[in-house]
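Colleague: Please put the model up first. Then I will ask my questions one at a time.

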Protein chains: 2
Amino acid sequence: MNPTHPQRGELTLIRRLAAHLAGGAGPVVPFGDDMAALDGGRLLWTTDMLMAGVDFDPLQHAPEAVGRKAMAVNLSDCAAVAATPRVALLAVALSNRLTMDEAERLCRGAADCAAEFGCRLVGGDTNSWDQPTVVCVTIAASIDPGHAPVLRSGARPGDRILLTGRVGGSILGRHMTFTPRVNLARAIRDALHPTAMIDISDGLARDLGHILEASRCGAALRSDALHAAIHDDARTLAASTGRDALDHALCDGEDFELIVTVPGGTPESATLALGLLPVGQITEEPGLFMVAPDGFRTPIEPRGWEHFT
Amino acid sequence: MNPTHPQRGELTLIRRLAAHLAGGAGPVVPFGDDMAALDGGRLLWTTDMLMAGVDFDPLQHAPEAVGRKAMAVNLSDCAAVAATPRVALLAVALSNRLTMDEAERLCRGAADCAAEFGCRLVGGDTNSWDQPTVVCVTIAASIDPGHAPVLRSGARPGDRILLTGRVGGSILGRHMTFTPRVNLARAIRDALHPTAMIDISDGLARDLGHILEASRCGAALRSDALHAAIHDDARTLAASTGRDALDHALCDGEDFELIVTVPGGTPESATLALGLLPVGQITEEPGLFMVAPDGFRTPIEPRGWEHFT
């Protein structure tokens with residue numbers, strides 16, 4: 001429940017693993033992108049694990065809400081590459097404090113959330129133990145005919161950077177109730193031909209950083225546009241944390257909005273029609289900067305939530 | 001580390017879920033079988049979660065052995081339906097007592113075990129927390145052209161029941177080091193056209209019970225044949241538990257040998273050539289019995305390990 005640590009590095013572990021695993025034919029989707037390729041690339045899949053006390057609070061969140069979130073974070077990974085979720089598996093290590101009825105409610109929460117997006121829960125593994133509950137969902141998703149997955153690596157200097165919604169302060173509740181942008185992602189793909197996408201799980205600055213690293217470029221965010229993208233929850237939270245609302249918008253995890261980059265020539269009317277919020281531009285110069293209306297540039301630290309701290 | 005509890009029921013939960021999920025087109029593979037169908041049935045997938053203190057002992061088992069087991073139990077599910085494992089995902093909630101090096105060794109153990117069977121680890125999710133380690137692997141496997149998955153539901157009265165190896169006492173170490181019968185399963189499929197298969201995770205009696213339930217029939221195990229199928233570890237364990245070695249052979253979990261049923265007319269030379277151990281016969285009469293050489297019949301309780309106790 002604390003999405004702002006320093007870190008020693010999930011990314012580091014992923015890199016070391018990727019180095020170990022490299023060698024065969026390169027995967028269609030690079031190791032570490034939002035989804036991994038299956039069966040030659042038409043099917044992608046993703047897995048995400050939630051832990052009680054870290055990703056949800058078993059005293060505060062109802063079992064169905066926990067199941068729903070476990071499914072929704074995986075659906076958000078599907079959205080991040082504009083894939084269509086097809087089937088899901090659910091593996092659980094349930095705290096033996098849960099009743100059978102609560103266990104079933106958790107599973108139903110996951111199944112019902114999947115069904116909302118046309119995805120079927122088709123199997124899984126149920127376990128219990130005397131430790132906090134862990135829930136792991138895996139989703140297989142397909143890429144619609146005539147399309148390719150939208151990766152993190154396609155952003156180019158001059159591209160515009162957009163968000164699917166306001167960000168920050170999700171810890172106040174939205175991290176459990178957000179709508180995965182599955183349907184909007186495909187609409188964006190069809191209308192805007194985005195060059196890169198990612199969902200915000202680790203924080204706007206950090207997840208945009210993943211795009212910049214994979215695409216080998218930098219970004220300049222406009223401070224006035226960023227201010228318009230601050231969620232009310234970020235302001236509410238800022239009042240109690242004493243931090244700046246903008247800091248929460250840039251660094252809080254689990255917004256699960258998408259960061260989208262589109263070619264510079266994309267008409268603003270097209271992005272407005274989809275409700276997207278412009279926040280800046282991809283630059284050739286590496287690094288992530290905030291640019292004030294007077295042109296003053298401030299570097300943005302890619303802080304945010306990272307596991308394996 | 002204690003595979004012999006009474007239980008309130010993983011099966012019950014699976015049944016309640018299956019009832020909730022039924023409604024659309026029925027899956028190619030029934031919910032609750034060893035693998036679930038993906039993409040019309042040519043691809044199957046499975047997920048299994050291991051928990052520290054339940055499925056392995058972090059003080060006793062090296063990280064690579066833990067990663068290996070997490071992969072191997074899923075490969076065993078592939079073997080159970082004679083599928084060819086293709087790609088795997090690994091999600092972990094690592095105890096923050098693990099060093100980065102140990103975390104990497106765990107992941108390498110999983111990747112290397114997958115590679116032994118031609119399966120590639122292509123992605124995952126890494127997390128850490130202040131609780132015991134949880135490891136969840138998902139594998140997608142393909143059914144070779146011209147074949148169908150070998151399900152639990154095809155056993156018929158008169159079929160012979162065979163094991164791929166001796167059973168019991170795996171807790172003495174084999175539960176961490178077993179060879180998943182991936183390659184043998186396909187050889188069995190090609191040579192014997194089995195009617196049903198399952199891997200022994202919950203115990204011989206219980207897992208045979210799953211076949212009997214899905215196939216709506218019973219089984220008679222020959223006591224002399226069963227005695228020949230008792231693993232030396234079961235005898236060693238019996239000496240310390242005071243239970244009968246046969247009881248360990250029937251009820252201990254995590255042997256990960258396959259139970260195979262083949263048509264009654266299958267020549268014994270063909271089953272011997274694959275090293276299979278005959279243990280009995282499928283019967284029309286429901287229930288599971290042990291039959292002595294003099295014909296005396298004893299009912300066998302389908303006890304064994306079940307999670308969610």
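Colleague: Is the crossing in which α2(A) passes α3(A) right-handed or left-handed?

Modeller: First, this is a predicted model, where local features need pLDDT of at least 70, side-chain atom pairs count only at pLDDT 80 or more, and totals for chains, interfaces and linings use all residues; side-chain values use heavy atoms, leaving out hydrogens and water. Residues are numbered from 1 along each chain as its sequence is written, while chains are lettered from A and ligands numbered from 1 in the order in which they are written. A crossing is left-handed if the near helix is turned anticlockwise from the far one by less than a right angle, and right-handed if clockwise. Where α2(A) passes α3(A), the crossing is right-handed.

Colleague: Which residues of α3(A) make the contact?

Modeller: Contact means heavy atoms within 4.5 Å. From α2(A) come Pro63(A), Glu64(A), Val66(A), Gly67(A), Arg68(A), Met71(A), Ala72(A) and Leu75(A). From α3(A) come Glu102(A), Arg105(A), Leu106(A), Gly109(A), Ala110(A), Cys113(A) and Ala114(A).

Colleague: By class, how many residues in the contact of α2(A) with α3(A) are nonpolar?

Modeller: Ala, Val, Leu, Ile, Met, Phe, Trp, Tyr, Cys and Pro count as nonpolar, Asp, Glu, Lys and Arg as charged, and the others, Gly among them, as polar. The contact of α2(A) with α3(A) has 2 polar and 4 charged residues. Its nonpolar count is 9.

Colleague: At what angle do helix α2 and helix α3 of chain A pack?

Modeller: Helices (H or I, at least four residues) and strands (E, at least two) are DSSP runs, numbered from the N terminus. Axes are lines fitted to C-alpha atoms, for helices over the stretch in contact, with angles from 0 to 180 degrees between N-to-C directions. Here α2 spans residues 63–80 and α3 spans residues 100–116, with axes 6 Å apart. The angle is about 35°.

Colleague: Which residues does Gly67(A) touch, not counting those up to four places away in sequence?

Modeller: Gly67(A) lies in helix α2 of chain A. Its relative accessible area is 0%, so Gly67(A) is buried (under 20%; exposed is over 50%, partly exposed in between, with a 1.4 Å probe and protein chains only). Its C-alpha is 7.9 Å from that of Ala111(A), 44 residues apart along the chain. Leaving out residues up to four places away, Gly67(A) touches Leu106(A), Gly109(A) and Ala110(A).

Colleague: How many disulfides are there over all chains?

Modeller: A disulfide is a pair of cysteine sulfur atoms within 2.5 Å. By this rule, the count over all chains is 0.

Colleague: Which cysteine has the sulfur nearest to that of Cys136(B)?

Modeller: Cys136(B) is in no disulfide. Cys136(B) is also buried, at 1% relative accessibility. The nearest cysteine sulfur, 3.6 Å away, is that of Cys136(A).

Colleague: How many aromatic pairs does a search of the whole structure find?

Modeller: Rings of Phe, Tyr and Trp (its six-membered ring) pair if their centres lie within 6.5 Å; planes under 30 degrees apart count as stacked, over 60 as edge-to-face and the rest as tilted. Over all chains, the number of pairs is 3.

Colleague: Are the rings of Trp45(A) and Trp45(B) stacked, edge-to-face or tilted?

Modeller: This pair crosses between chains, from strand β2 (residues 43–51) of chain A to strand β2 (residues 43–51) of chain B. Trp45(A) is buried at 0% relative accessibility, and Trp45(B) is buried at 1%. The ring centres are 6.0 Å apart and the planes lie at 35°, so the pair is tilted.

Colleague: What is phi of Arg216(B) near?

Modeller: Most residues other than glycine have a negative phi. Arg216(B), in the loop between α6 (204–215) and β8 (218–222) of chain B, has a positive one. Arg216(B) is exposed, with a relative accessible area of 78%. Its phi is near 55°.

Colleague: What share of the 309 residues in chain A do buried residues make up?

Modeller: Chain A has 10 helices and 12 strands. Among its contacts with a separation of 6 or more, 85% are between residues 24 or more positions apart. The buried share of its 309 residues is 60%.
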